[in-house]
Amino acid sequence: MAPLNLSGNYPGFWDPITSTLDWCEKNYEINYYVAEFWNTLSNFTFIIQPLMAYYRLHRLKLPFLYYCPLFYLSFVGMGSLFFHMTLKYEMQLWDELAMMGEALLLCFIQIKIMSPEKAERIITKAALIAVGLITCGIYIILNQPVIFQICFASVHYFIVYLGYRLTRLYSCSPKLFWSSIFFNHFAFLLWNVDNNFCGGLENIRTQIPSLLIPVTQLHAVWHVLAGFATLSFSFFVIHVHLLRTNRFHYIHFDLLSGWKFVPAREMASKNGENSQMTSKTS
């Protein structure tokens, strides 16, 4: 984890820094009111994309539980935005503990899809709540970020395991599942590069045009990719739910609108129209 390092930073509106972490972006270098400008700005992808996804998906009239990961992801993005903007400990807790909440929510939804009866048991809900509360309690008392990272990684890989189980149970899109896993781990790789090679990145920033500097802010890039990965996984879970309830949809990706579901009947009718036009032309 990146140590708290204030060398080379500028004075700013939110000083003094109280968070236990300070990332590889010089504080207040661009704006007096924003501690880490690019790390803050990149969080808008966390906030806006899930809300746009809900706008596209609300017509499916799903149970509210399946929309919750989208709203919660925006909540995570807001916590991360305020953390990087202020570098205050309270905002750091909002950011990190909200991430754990999002992960536990995805765990519960996947358990509910695989075994609705098991998900309704008090012991299942109590176990997930206990994991969240114990993690929060230990983290706040000991104040060691590595504790949160280990707990979050454990829940993350449990999510991956449950997701893989779903791909074996339903004819859902493996592309959607594996793309979310790939982008999540690639983002984590960049996160580690940003932590461990900060000096080299800062040296690169002094030698390249200013327009390219945002690309070297790898923690900000991690926000963009990790947000997309989590959003993709949320779509994956929704797709599995649709299949389980015999609502068949194809999944398409558009650079402007992102992932979207197309009803199988609509796709079949379009294919039928295209074939008719082809036959008439020929």
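Reply:

**Cysteines and the disulfide**

Cysteine 24 is buried, at 5% relative accessible area; buried means under 20% relative accessible area, exposed over 50%, and partly exposed in between, with a 1.4 Å probe and protein chains only. This is a predicted model, in which local features need pLDDT of at least 70 and side-chain atom pairs count only at pLDDT 80 or more, while totals for chains, interfaces and linings use all residues. Residues are numbered from 1 along each chain as its sequence is written, and side-chain values use heavy atoms, with hydrogens and water left out.

Cysteine 24 forms a disulfide with cysteine 198, the S to S distance being 2.1 Å. A disulfide here is a pair of cysteine sulfur atoms within 2.5 Å, and by this rule the count is one. The torsion about the S-S bond of cysteine 24 and cysteine 198 is about 90°, so the disulfide is right-handed. The two partners sit in distant parts of the chain, 174 residues apart: cysteine 24 lies in the segment before helix H1 (37-41), and cysteine 198 belongs to helix H9 (residues 198-205). Helices (H or I, at least four residues) and strands (E, at least two) are DSSP runs numbered from the N terminus.

Cysteine 198 has 21% relative accessibility and therefore counts as partly exposed, whereas cysteine 24, at 5%, is buried.

Cysteine 68 has a relative accessible area of 19% and so is buried. Cysteine 107 is also buried, with a relative accessible area of 1%.
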